[in-house]
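Visitor: I have a structure open and I'd like to learn how to read it, feature by feature. Could you walk me through it?

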Amino acid sequence: MNRPIRTIVASVALIATSLGAPAAGATPLTPISKIDWEQNQRVPFEWRSDGVPPAWMRNAILDAAVGSNASRGSRAALLEHEAGSESWVAYTDVLPTASALAYASRRAPSSFKVWLRPQGYVFDWGTLRWCQFYTSAPDGCFDAEMVALHEFGHVQGLGHNEAAADEGAWLDTVMHVVTRTKPKKGWNQHAYGPCDVAALQTRYELLTPSTKVAHCLSLATTLTLGASASAIIAGSAVTFTATLRIADDVTYPRLASDPLSGRSVALQRRVVGGSTWTTQAVMSGTSTAGMYRTTVSPSATYEWRALLSQPDEGLLGDGSPMLKVTVSGGCNPYCVE
Amino acid sequence: MKALIALLVGGVLLGSCGSAGPPVTGSPSPTFSPAPSTAPPAPTPPPSPSPTDVEPSLPPPPAAALSAANAAPLNGTLGSVCYLEACGDSPWLPAAGLPLLELADGSDELTVTIADGFAFVSWTVDYADAQDTAGENVINHATGGSEDGPAMTEASFSPPPSGDWVLSVHLVYADGDGDGAYYWHVTVP
């Protein structure tokens, strides 16, 4: 498969996987370093000259870089191979710790280093087997792409996530303390989990205003509504404009007040003083991030609000303050519903 | 003599296959066959350099010791670790090669203590049968502290039940400095 096609297919699948709802048990956000890359910083890496991986390992590492870029859900660093880079990846049996399969060190925003042990390296516990080395990967092998993605997670600043003991929570993160082999759950996880993405989003912000917030977060939102007129003649049009943002007072300062586009914001109305709201329209997005707009021609005076129902992402729903648009010459005082 | 030479050559070829990888076409090599029983024994791993040998700029992570009422503190073997801006990743470590702590009494409380000058904010204890070298059935035993809680330098917990275990204590270091998983081989009467 050509790499560009691999990238597109991987991106669609990985984004869907990375933002999914974490299992019950409230896996915490993956810890993340205080030292950042620049947002969307391109950080190329080369193969260290005395540790060039064999082709099967190079492909796994490159796929992991694609996976990191596709599943980050944020403006975290973009990793890609480029000869002559300051950062490097080495395939070597000399690592900074005795028991490590892999190791990563970072000097953001300048460079990083990643070490991966060779196939066949002898540890106290046995011989290292990388799954990609084999035509038919044996049980007990380590998936090189998963391990490389885990190392790229460290490059991004992610630490280890001591996820809930519940096996159901295992896929909430790829940054586990213990590296797993085939066929244990998560052995071939090729995208960041929702709690990894959540951590990256708190540090680097959402990839775009339309990017879904990872489920490991639960961010309050603020929805406001304005109208082009507060009083009209029956049959006239009034344009409602809503703005949706992450609330100002969320725990993560970098996300506070960030606009949210592409959500389903409903325009609702009720009779004046009534208690039952009915949806009149789903508001359309505009070219301004976080802004939604709908034009209606009410025949009577109503109270209006915008509503973000509980979305399927790490956001809390919100309703805007109510506003009234007075209509003269129509049903008086209001139309019977 | 010819048979001996053949065996030696075969052993060398199998050894080189382990590290050389497949042909340049990039396709993975066929599944390995186990080495014949007459092949030379697998080499023992060379002693690894310290982190500062490989990366002089990396400060070493802290050590952690496990002790009991009738057992002197014993430094654990460090598995996966993140310390400051560097991380190492390991699987579950097997009993072989781990420091051995033999409890005299199954009710003795265990205490983990981090090296002087360091602190942690949370800890998690897991254990697995010492025969379970791959950590297939790890049991979560105890946990304490929180990432937002006060820093501490030691924590105590009850031992695993009677048996022969690999015990891991995962510490989250204070000040957001990272985390480390420390391993011991523990026998409980």
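Guide: Let's start inside. The largest cavity holds about 110 Å³ of space. Of the 14 residues lining that cavity, A:Met146, A:Val174, A:His176, A:Val178 and A:Thr179 are the closest to its centre. Before we go on, this is a predicted model, in which local features need pLDDT of at least 70, side-chain atom pairs count only at pLDDT 80 or more, and totals for chains, interfaces and linings use all residues. Residues are numbered from 1 along each chain as its sequence is written, chains are lettered from A and ligands numbered from 1 in the order in which they are written, and side-chain values use heavy atoms, with hydrogens and water left out.

Visitor: What counts as a cavity, and how many cavities of 30 Å³ or more come out by this rule?

Guide: A cavity is a set of points, on a 1 Å grid over the protein atoms alone, where a 1.4 Å probe fits but cannot get out; lining residues have an atom within 4 Å of a point. Grid points are joined across faces, edges and corners, and the volume is the space filled by probe spheres set on the points. By this rule there are two cavities of 30 Å³ or more.

Visitor: Which classes of residue make up the lining of the largest cavity?

Guide: Ala, Val, Leu, Ile, Met, Phe, Trp, Tyr, Cys and Pro count as nonpolar, Asp, Glu, Lys and Arg as charged, and the others, Gly among them, as polar. The largest cavity is lined by five nonpolar, six polar and three charged residues. Helix 3 (residues 144–156) of chain A gives the largest share of that lining, four residues.

Visitor: How do I read helix 3 of chain A?

Guide: Helices (H or I, at least four residues) and strands (E, at least two) are DSSP runs, numbered from the N terminus. The expected span of a helix is 1.5 Å times one less than its number of residues. For the 13 residues of helix 3 of chain A that should give 18 Å, and the end C-alpha atoms are 18 Å apart, which agrees. For burial, buried means under 20% relative accessible area, exposed over 50%, and partly exposed in between (1.4 Å probe, protein chains only). Helix 3 of chain A is mostly covered, with 13 of its 13 residues buried.

Visitor: And what sits at the two ends of that helix?

Guide: At the start of helix 3 of chain A, a side-chain oxygen of A:Asp143 comes within 3.1 Å of the backbone nitrogen of A:Glu145. Just after helix 3, A:Gly157 has a positive phi of about 110 degrees.

Visitor: Where do I find a positive phi in a residue that is not a glycine?

Guide: Most residues other than glycine have a negative phi, and most peptide bonds are trans. A:Asn40 has a positive phi of about 55 degrees. A:Asn40 sits in the loop between helix 1 (3–18) and strand 1 (42–47) of chain A, and is partly exposed at a relative accessible area of 32%. A:Glu205 also has a positive phi, of about 70 degrees, and comes just after helix 4 of chain A. That residue lies in the loop leading from helix 4 to strand 8 (221–227) and counts as buried because its relative accessible area is 15%. As for helix 4 (residues 194–204) itself, eleven of its eleven residues are buried, including A:Cys195, A:Leu200 and A:Tyr204.

Visitor: Which peptide bonds are cis?

Guide: Among them is the bond from A:Ala108 to A:Pro109, with omega near 0 degrees; A:Pro109 is in the loop between strand 4 and strand 5 of chain A. The bond from A:Lys182 to A:Pro183 is cis too, with omega near 5 degrees, and A:Pro183 is in the loop between helix 3 and helix 4 of chain A.

Visitor: Is A:Arg107 buried or exposed?

Guide: A:Arg107, in strand 4 (residues 102–107) of chain A, counts as exposed because its relative accessibility is 59%. By contrast, A:Tyr121 counts as buried, at 10%. You'll find A:Tyr121 in the loop between strand 5 (111–116) and strand 6 (122–123) of chain A.

Definitions and conventions: On a 1 Å grid over the protein atoms alone, a cavity is a set of points where a 1.4 Å probe fits but cannot get out, and a pocket is an open set with protein on both sides within 12 Å along at least five of seven lines; lining residues have an atom within 4 Å of a point. A polar contact is a pair of N or O atoms within 3.5 Å; within protein, one must be able to donate a hydrogen and the other to accept it, and residues adjacent in sequence count only if both atoms are side-chain atoms.
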